[in-house]
Amino acid sequence: MQFEFTEEQLMIKQAARDFAQTELKPGVIERDEHQKFPAEQIKKLGELGFLGMMVAPQYGGSGMDAISYVLAIEEIAKVDASAAVILSVNNSLICNGLEKFGTDAQKEKYLVPLAKGEHIGAFCLSEPEAGSDATSQHTTAIDMGDHYLLNGTKNWITNGGTASTYIVMAQTDTAKKHDGINALIIEKGMEGFTIGAKENKMGVRGSDTHSIMFSDVKVPKENRIGDEGFGFKFAMKLLEGGRIGIAAQALGIASGAYELALQYSKERKAFGKTLADLQAIQFKLADMATEIEAARLMCLKAAWLKDHGQPYAQASSMAKLFASDVAMRVTVEAVQIHGGYGYVKEYHVERLMRDAKITQIYEGTSEIQRIVISREVLK
Ligand code: CAA
Ligand code: FAD
């Protein structure tokens, strides 16, 4: 066992940190306030290779490992959790899915521009009546011979308005239940494809979340990913990796809030000393630092298992379950340490507290992570 990063991993962490501080931090409060997508910044992150971090260079990616991915997402989320989820979806759920399971033609046509950040992808599993219960897909993809006819509505889709490529799970054969679900690649602009209104959210307000509607969309058979009926397992396999990204996002939200609280406690005076001189505050900081360290180790362990070709479903669910709870606890304490200043936008911690909550909900709620973990431990 070794607890050291390679030079390359440290360089990537530093590059992400520098980008977050210089490019993301300046407008982050305004983007949150106005629900503004960080278009310019995401474009630059694409040019730097952060949109297809783990994709092989032959498909336009950066060929990095999952450890580097965790380090980068943490640094980005410390400053802008919205940018972190935009990256996480594109890297883990879209690029990873196409690289692992796509045909050569799908990789050429869709993966290359997505990995280069020229296009953005969206992953469409959830529906108005199927969130946690993801096998109950109501969206249908009827087999018409040379194409599928797609009808239905997807809910809460991250990158819903900005994406050009959508991977959509839909039911083709209800008799086969989850084995009758297909994963289809849809392009924005296909006839019958509509984007719903943008959701007005509590947190990650810079990311755009929309419902997506399909009305008799003709999807060519060559746009199906994997064999007939592979769609549900495809989604589950991808979520194993996606949950590492969201765990790293939660870790970044927690460590971003902690760094701000630590700094503030050294500057703010009360009762003739700094807050950092008060044992009550010291103990809060000690607990925050300890929990963050544990969350970080869990994220890195899940990433290490993925990099080494070992099973990582349990580790990624554990990392997400733990890190998202840590994000909630730490951000609440960071606001507390800031006192009244923590309650206003200029000090960033109130935003991080709002951003933290979603990490307990998307890519499987904390209850769903417990289902996945308990099934693994009881195997
Ligand atoms: N890999 C491969 N196959 C898997 C799998 C995995 N990780 N997990 C399950 N499967 C297979 C099972 O083996 C089973 O196949 P067989 O019948 O052939 O054995 C099939 O999938 C169905 O699995 P279950 O019987 O376990 O199904 P279930 O109905 O009990 O539910 C669940 C499983 C874990 C609860 C699943 O529905 C789930 O993960 N729900 C949460 C959905 C979710 O995470 N949504 C996230 C949307 S994306 C998002 O949120 C993005 C974002 O915000 C940014
Ligand atoms: P429900 O499934 O209705 O759950 C409600 C409550 O019941 C939860 O607390 C849940 O944990 C609990 N519950 C449900 N079933 C059980 C059970 N069996 N045991 C114990 N408790 C249970 N989805 C996508 O497909 N793509 C995206 O890009 C995407 N991005 C999102 C972005 C945002 C901002 C949000 C809010 C959501 C996003 N989602 C996305 C959807 C997200 O994954 C779902 O909201 C989530 O999976 C929960 O589903 P639900 O909202 O339908 O809640």
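**Reading the terms**

Analyst: Start with ligand 2. It is surrounded by 22 residues, and the closest are S126, G131, S132, W156 and T365. Keep in mind that this is a predicted model.

User: What makes a residue part of the surroundings of ligand 2?

Analyst: A distance cut-off. The C-beta atom, placed from the backbone, has to lie within 6 Å of the molecule. For ligand 2, 22 residues count as surrounding it.

User: Which elements supply the shell around ligand 2?

Analyst: β1 (121–124), β3 (147–158) and α11 each supply at least two residues. β3 gives the most, with three residues.

User: How do you know how many residues of the shell around ligand 2 are nonpolar, polar or charged?

Analyst: Each residue is sorted by its type. Asp, Glu, Lys and Arg count as charged, and Gly is among the polar ones. Sorted this way, the shell around ligand 2 has eleven nonpolar, seven polar and four charged residues.

User: What surrounds ligand 1?

Analyst: The shell of ligand 1 has 23 residues, and the closest are A134, K233, M236, Y362 and G364. By class, 13 are nonpolar, six polar and four charged. α5 (81–101), α7 (231–267) and α11 (366–378) each supply at least two residues. α7 gives the most, with six.

User: Why are α7 and α9 called roughly parallel?

Analyst: Look at the angle. The axes of α7 and α9 (residues 313–338) cross at roughly 20° and come within 8 Å. Angles under 35 degrees count as roughly parallel. So α7 is roughly parallel to α9. The crossing is left-handed. The contact of α7 with α9 holds 20 nonpolar, seven polar and four charged residues.

User: Why are α7 and α8 called roughly antiparallel?

Analyst: Here the axes of α7 and α8 (residues 279–307) cross at roughly 155°, coming within 9 Å. Angles over 145 degrees count as roughly antiparallel. Therefore α7 and α8 are roughly antiparallel to each other. The crossing of α7 and α8 is left-handed.

User: How do you know that β2 and β3 pair?

Analyst: Count the bridges. β2 (residues 140–143) and β3 have four, in the antiparallel sense. One example is I142, whose bridge partner in β3 is L149.

User: Where does UniProt place the two domain features?

Analyst: The unreviewed UniProt entry places "Acyl-CoA dehydrogenase/oxidase N-terminal" at residues 6–118.

User: How much helix and strand do residues 6–118 and residues 231–377 have?

Analyst: Residues 6–118 are 72% helix and 0% strand. Their end C-alpha atoms are 29 Å apart. Residues 231–377 are 78% helix and 3% strand. There the end C-alpha atoms are 26 Å apart.

How values were computed: Residues numbered from 1 in each chain as written. Chains lettered and ligands numbered in written order. Predicted model: local features only at pLDDT ≥ 70, side-chain atom pairs only at ≥ 80, totals over all residues. UniProt positions renumbered as here; feature names shortened; annotations may be inferred. Axes fitted to C-alpha atoms, helices over the stretch in contact; angles between N-to-C directions. Parallel < 35°, antiparallel > 145°, perpendicular 65-115°, else oblique. Left-handed = near helix turned anticlockwise from the far one by under 90°. Pairing = 2+ DSSP bridges.
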